[in-house]
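Please consult the sequence and the structure while reading.

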Amino acid sequence: MRTGKDTGITVGGAPRVDLLPPEVRSDRRAAALGRRAWAGVVVVAVVVGIGTGAAFLERMKSEDALMVAQGETQALLMEQAKYADVRATQNEVGLIGAAQKVGGSTDIDWPGYLAQVQATLPIGVTITSVTLDQASPLVQYAQSTAPLQGSRVATLTFQATSPTLPSVPDWLNGLATLPGYADAQPGTVTLEDDVYKADITMHITADAFTSRFDTETGE
């Protein structure tokens with residue numbers, strides 16, 4: 001057996017002859033490339049079309065969701081409009097409450113307080129006249145410039161009559177037990193028609209405020 005270099009010639013094979021001119025083969029290759037190029041274009045167009053369709057559907061969903069949200073908002077606004085009068089009333093009530101709280105911040109129950117003052121006096125002693133001067137919610141109460149006198153929010157001056165010579169120190173000791181007591185100063189004692197008259201000036205602190213309009217501390 002002989003071995004040697006393969007010359008690439010097949011013995012006994014069918015004879016082939018390519019008689020096509022090079023131009024035809026070139027045209028065929030160009031046509032194949034063109035078909036592949038168009039196929040690529042079609043594939044790209046399909047992908048773009050799918051993406052565009054998906055984006056359109058997503059936009060439609062978003063628009064639908066927006067319309068639903070707008071409808072709910074409109075319904076809520078219409079529902080709130082039904083209670084506009086209620087809200088206005090609530091606001092007015094709130095303003096009134098705030099005004100009462102400010103206006104009543106210096107409130108003192110004077111009838112009740114005077115009854116307590118009367119209760120500290122001895123039997124037979126009667127209050128005949130009263131002068132009141134108290135703080136305002138808008139103006140700070142004037143304070144004394146005298147030393148050793150505490151802060152005050154009101155001044156109560158009263159005159160009391162007694163069938164006997166009054167013991168003014170005892171009166172002052174009784175007044176010191178009252179809420180809001182700051183200090184008390186005796187005035188003149190006079191005798192008229194067998195009746196003694198004595199003047200007392202009493203200063204009162206903020207402890208006498210009722211705070212009845214204060215929702216946190218009042219009743």
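A residue is called buried under 20% relative accessible area, exposed over 50%, and partly exposed in between (1.4 Å probe, protein chains only). The model is a predicted one, in which local features need pLDDT of at least 70 and side-chain atom pairs count only at pLDDT 80 or more, while totals for chains, interfaces and linings use all residues. Residues are numbered from 1 along each chain as its sequence is written, and side-chain values use heavy atoms, with hydrogens and water left out.

**Overall architecture**

Helices (H or I, at least four residues) and strands (E, at least two) are DSSP runs, numbered from the N terminus. The chain contains 4 helices and 4 strands, arranged from the N terminus as α-α-α-β-β-α-β-β. Of its 219 residues, 19% are buried. The accessible surface, computed by the Shrake-Rupley method with a 1.4 Å probe (for residues, only the protein chains shown count as cover), is about 16,200 Å², and carbon and sulfur atoms contribute 60% of it. Contact denotes heavy atoms within 4.5 Å. Among contacts with a separation of 6 or more, 65% join residues 24 or more positions apart.

**The interior**

A nonpolar core is a set of buried Ala, Val, Leu, Ile, Met, Phe, Trp, Tyr and Cys residues joined through side-chain atoms within 4.5 Å. The largest such core has 26 residues, and those with the most contacts inside it include Tyr113, Phe158, Leu175 and Ile200. At least two residues of this core come from each of helix 3 (110-120), strand 2, helix 4 (168-175) and strand 4 (195-204). Beyond its neighbours within four places in sequence, phenylalanine 158 touches several residues, among them Val117, Leu121, Ile127, Leu175 and Ile200.

Serine 162 belongs to strand 2 (residues 154-162). This serine counts as buried because its relative accessibility is 4%. A polar atom of the serine 162 side chain lies 2.7 Å from the backbone oxygen of threonine 164. Leaving aside neighbours within four places in sequence, serine 162 is in contact with Gly124, Val125, Trp171, Val195 and Tyr196.

**Charged pairs**

Side chains of opposite charge can pair when their charged atoms come close. A salt bridge is a side-chain nitrogen of Lys or Arg within 4 Å of a carboxyl oxygen of Asp or Glu. By this rule there are 3 salt bridges, tabulated below.

| Glutamate 63 | Arginine 59 | 3.7 Å |

Where in the chain do aspartate 183 and arginine 152 lie? Aspartate 183 is in strand 3 (residues 181-192) and arginine 152 is in the loop between strand 1 (126-134) and strand 2, so that the pair links distant parts of the chain, 31 residues apart. Both aspartate 183 and arginine 152 are buried.

Glutamate 63 and arginine 59 both lie in helix 1, 4 residues apart, about one turn of the helix. Glutamate 63 is partly exposed because its relative accessibility is 36%, and arginine 59 is likewise partly exposed, at 45%. In the remaining pair, lysine 197 is partly exposed with a relative accessible area of 23%, and glutamate 192 is partly exposed with 41%.

Notes
A polar contact is a pair of N or O atoms within 3.5 Å; within protein, one must be able to donate a hydrogen and the other to accept it, and residues adjacent in sequence count only if both atoms are side-chain atoms.
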